[in-house]
Amino acid sequence: MKIEEVQSTTKKQRIATHTHIKGLGLEPTGKAIPLAAGFVGQSAAREAGGLVVDMIRQKKMAGRALLFAGPPGTGKTALALGISQELGTKVPFCPMVGSEVYSSEVKKTEVLMENFRRAIGLRIKENKEVYEGEVTELSPEETESVTGGYGKAISHVIIGLKTVKGTKQLKLDPTIYDALIKEKVAVGDVIYIEANSGAVKRVGRSDAFATEYDLEAEEYVPLPKGEVHKKKEIVQDVTLHDLDAANARPQGGQDILSLMGQMMKPRKTEITDKLRQEINKVVNRYIDEGVAELVPGVLFIDEVHMLDMECFSYLNRALESSLSPIVIFATNRGICSVRGTDMSSPHGIPVDLLDRLVIIRTETYGPAEMIQILAIRAQVEELSIDEESLAYLGEIGQQASLRHAVQLLTPGSVVAKMNGREGICKADLEEAIASVLNTLSTLPPVQINCFAFNFGAGTRAEGSRKLLFAIMATGFTPVSFRTLKRRDNGLGFAKTTDFIKVSDMKRVKFQRTKITVVKNSNPGSDIAELRPASEGSPLLVPVQKYCESTHKTIRRKTRTVMVGDVALGSEHPIRIQTMTTTDTKDVAATVEQVMQIADRGADIVRITVQGKREADACFEIKNTLIQKNYNIPLVADIHFAPSVALRVAECFDKIRVNPGNFADRRAQFEKLEYTEEDYQQELEHIEKVFIPLVEKCKKYGRAMRIGTNHGSLSDRIMSYYGDSPRGMVESAFEFARICRKLDYHNFVFSMKASNPVIMVQAYRLLVAEMYVQGWDYPLHLGVTEAGEGEDGRMKSAIGIGTLLQDGLGDTIRVSLTEPPEEEIDPCRKLANLGMKAAQIQQGVAPFEEKNRRYFDFQRRTGDLPVQKEGEEVDYRGVLHRDGSVLMSVTLDQLKNPEVLYRSLATKLVLGMPFKDLATVDSILLRELPPADDKDARLALKRLVDVSMGVITPLSEQLTKPLPNAMVLVNLKELSSGAHKLLQEGTRLVVSVRGDESYEELEILKSTDATMILHDIPYTEEKTGRVHAARRLFEYLSENSLNFPVLHHIQFPKGIPRDDLVISAGANAGALLVDGLGDGILLEGPDQDFEFLRNTSFNLLQGCRMRNTKTEYVSCPSCGRTLFDLQVISAEIREKTSHLPGVSIAIMGCIVNGPGEMADADFGYVGGAPGKIDLYVGKTVVKRAIAMENATEALIQLIKEHGRWVDPPVEE
């Protein structure tokens, strides 16, 4: 048996030129340790650097300058970095090179001023509301994951904090639990949590846990004083340049947030002196008021001899300024000309400036020192090298330079591995030098680093090898070097030089790996849309934009994409589409279904095309429809078949490609490690397969949809991004970049998922990235595998309606497990809802939104009621922690209590009601029964006794008081004080619109409300319910008001059921998917009570809040379906609908891979005609089960995994 040791696949961090430098290596007395902190020798220079560090710390160095002077490779940059390491991260350290000042776009003095201000820090002190104390309890509470599957998710975490004065128990959001884990918080630690942001800081270990036997060398801190909830001073460090840049373009709109968004040559805009003066005034005022403290940092200018007289004149003046950092120059020149003059001077610096400088000299390293440095570098780079090789490199360092000798270590290691050796020997170094220096050996060492390499003919391997050695030996890399190849979302070097220095560089994350890139001396704006970091703070921080406006519905501007004769885009109506369910080879049946769909009002029809025979049938389908005067555009749905796409592009108007499986193999859902080279090879394969289709679409004028599905991402994408919205976006962008590269723009995007929460996040992230890139492609919206009936309509309304409220979406499909023509009506209702909201720009007055999370689900959980001293009944059950359902009850319903109890879904025991899994939590009774109606009041008392809240208007409670009722009041009634007439201790429920003035909302701060009902009259068109609620939640968050908020919608009489479901999903669902809201109250005067209750629970479950029944992921059927999906779906639902917390996928085929069932616990999938495959999660466990036995086999599978319970028995 052969056993091999496998190397770890953990990615290694790149070793930079000065990675080994950890400080100056000084004793406490300031004397240099011969070999310490990565330094060897240079004792005098290091000791002088130590004096500088002490002066900086004592703030006695501002306005002064130093000069490090010495030959190349003597540690000048290392000394500057050592000073930086000694100062730490709180004191700004800004390195630059003299040649950076030369630009055709920005004045030299502007570049210097910018760097000066980068090196001047401002420490701003803010008083923040925090919870601080010793952790006495840390208990995470688990619940079913919102994305389905076996995994558990943390719903909240209970934490106990203790101070000298008392203790407090807190219920925290799961994201704060993540921060606690990251900080490694344990019981006994002293921490504080910011009340507004949820940021966690571990201060240390409580000194109560310190003993004389403790070996952990932990930092112990005393138990905090005062209350747990308190105000605490927080310190924030920024630089003056941060303030300049943030305020230069407060509205943003330039290309984008970071170097990763800079494609080609960015434009640089100078910051005006007027702006800087205004910022200086604010800074000085803050300093005078004691709010801020100035922190002079260090500006390090390497190659100072590259500056000219204009720059030196400016530096002379700038050093005398009151706002000046410590300036450190470095040069390797002796007597030379001052740039731009005929005058010679030491180090190329004018004499009048030299007089201001403290000059520190660096000495050339001796052979022994060089060998020590090389040994340190080899250890840092984890290279094995023998003493003979070190001595040989020391000789090379003496002849050429230390820098050159160090850079030969890695090529030597590569050659050693190619020769089958683990360690580097002298022969390996000689081979490496022969490969690198064979054309350079006649050049002086200084000229080697300026040589433009020319690789002639030879094998690809030889060329790559020599290129690697050239890079390592010279410190330069070609712009076209493959790892740094420019892509639309990647890197772009601003300078058009052939080679770019890679020695002193920033580390950034680029695509899948961390690489080192040159810092562009001429960066463009990295600011998009900004807002203050905190209230009153002069520092502005970027805001990522995902729609035109968050306070009103404004349709996102897009280009027009033509699908046949139908135009898609923001200048056109929202288009409606669906998909046929017939066998595509059955031309007559498919044509008949397309005509039915067109007659019902669809704008576009999609047809599955899985093979060559189906592609051939498409020509006949198209021709037959044209003969029958049906010119509706047809879309080919393509998976795994590029050749079929090429064929059908000749007749259909649009091609839908799935990036997850068009060119990639079917996902295996295995954890795979991809190197950069592997990843690039797969991208090249995609390009090779996809380009012919793009070219054909261009030729024939066809449109395309790049349609990502959450469940069918490739292994390559999932290996890096996971099964996530970010992965969905990147998957689509890979294909879009190819289209753009070929100047093809007639395409739209879609980001579908069966989970509305993930679907919304993916579309928002997609649009945010398009804003970054400046792209304007339309969107096709849809929740895939939504299911049937009200469930399917509700899921689609939540996902599609949420995005339409934000002005996103140009064409939509509601995917139902029903005949395709039945999708048209709900689709039209949603389209009309979005169009109307955009036309009237439904919304509220502008407000600043700081607390809503756009791209990841983070629920704002209101404080549930707690029992108060003296209360006769238990109010803790009037709301449910996972989302509450309230219902409106009439006096007529009270006449038959037992029927009412059943309508509320209570469990009856001997006629007495008890709460069950899906019982209504509280009721609204707009009219109380008379005081002498004992039966009605007894029925209400029995509900109150089982913790069901009874809410009644203020006027009713004042005239016909009901014991222990909660009273509904509005803001006017609160302001008038009428509620004070109630019995002391009465619980209040406050009705709020959300668009009131902030002055009106102030009353909430002094109100002890059990809950808030957010209610905008249904008839109001101009005021947007979603936007008003966002404004309300923002106000509550900013004022630390944690009232539970329930969405209250009063529907008019006569509203159709579909309209009610879609309106509830689009309005309340749009808020719940953002984690805004704690429940729902739907009123419909003439609606069936049970329908309203079920709709409410469906809404909560669709938003991944409260699970009260089995969840079904059911595909809408298409030409690939291998059984009667509607019949089978109904059969499975009938037998399994009583399993809350269980998710079952019912899929007609497995074309998109088991990932389509990403949210399901169990899967029922058509594997072949008449045969069913059963899945657990994404893994098939039983194959080819006869269809007549498959449902029972599914039930047995659920039982085997312990998820089955017997259906409840009717009494």
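Reply: Helices (H or I, at least four residues) and strands (E, at least two) are DSSP runs, numbered from the N terminus. Just after helix 12, G420 takes a positive phi of about 85 degrees. The model is a predicted one, in which local features need pLDDT of at least 70, side-chain atom pairs count only at pLDDT 80 or more, and totals for chains, interfaces and linings use all residues. Residues are numbered from 1 along each chain as its sequence is written, and side-chain values use heavy atoms, with hydrogens and water left out.

Me: Which residues of helix 12 are buried?
Reply: In helix 12, residues 409-418, these are L409, P411, G412, S413, V415 and A416. Buried means under 20% relative accessible area, exposed means over 50%, and partly exposed lies in between (1.4 Å probe, protein chains only).

Me: How many helices and strands does the chain have?
Reply: The chain has 35 helices and 48 strands. Of its 1211 residues, 55% count as buried.

Me: Which strands form the closed barrel?
Reply: Eight strands form it, in the order 34-37-38-39-40-41-42-43, with parallel pairing. Neighbouring strands of this sheet are turned by 30 degrees against each other on average, direction ignored. Such angles run from 0 to 180 degrees between N-to-C directions, and the axes are lines fitted to C-alpha atoms, for helices over the stretch in contact.

Me: Which helix packs on that sheet?
Reply: Helix 31 (residues 1025-1038) does, touching strand 40 (988-992), strand 41 (1009-1014) and strand 42 (1045-1050). Its direction makes about 155 degrees with that of strand 42. Contact means heavy atoms within 4.5 Å.

Me: How many bridges join strand 34 and strand 43?
Reply: Strand 34 (residues 884-889) and strand 43 (residues 1079-1083) pair in the parallel sense over three bridges. Two strands pair if DSSP finds at least two bridges between them. S884 stands opposite G1079 in strand 43. Strand 43 also pairs with strand 42 in the parallel sense, over five bridges, and Q1050 stands opposite E1083.

Me: Why is strand 43 called largely enclosed?
Reply: Five of its five residues are buried, so strand 43 is largely enclosed by the rest of the structure. G1079, L1081 and E1083 point one way, while I1080 and L1082 point the other way. In a regular strand the side chains alternate between the two faces of the sheet.

Me: A new topic: where is K1182 found?
Reply: K1182 is found in strand 48, residues 1179-1186. At 28% relative accessibility, K1182 counts as partly exposed.

Me: What does K1182 touch?
Reply: Not counting residues up to four places away in sequence, K1182 touches I1172, D1173, L1174 and E1200. The C-alpha atoms of K1182 and A1193, eleven residues apart along the chain, are separated by 9.0 Å.

Me: And where does M912 sit, and is it buried or partly exposed?
Reply: M912 is in strand 36, residues 912-914. M912 counts as partly exposed because its relative accessibility is 33%.
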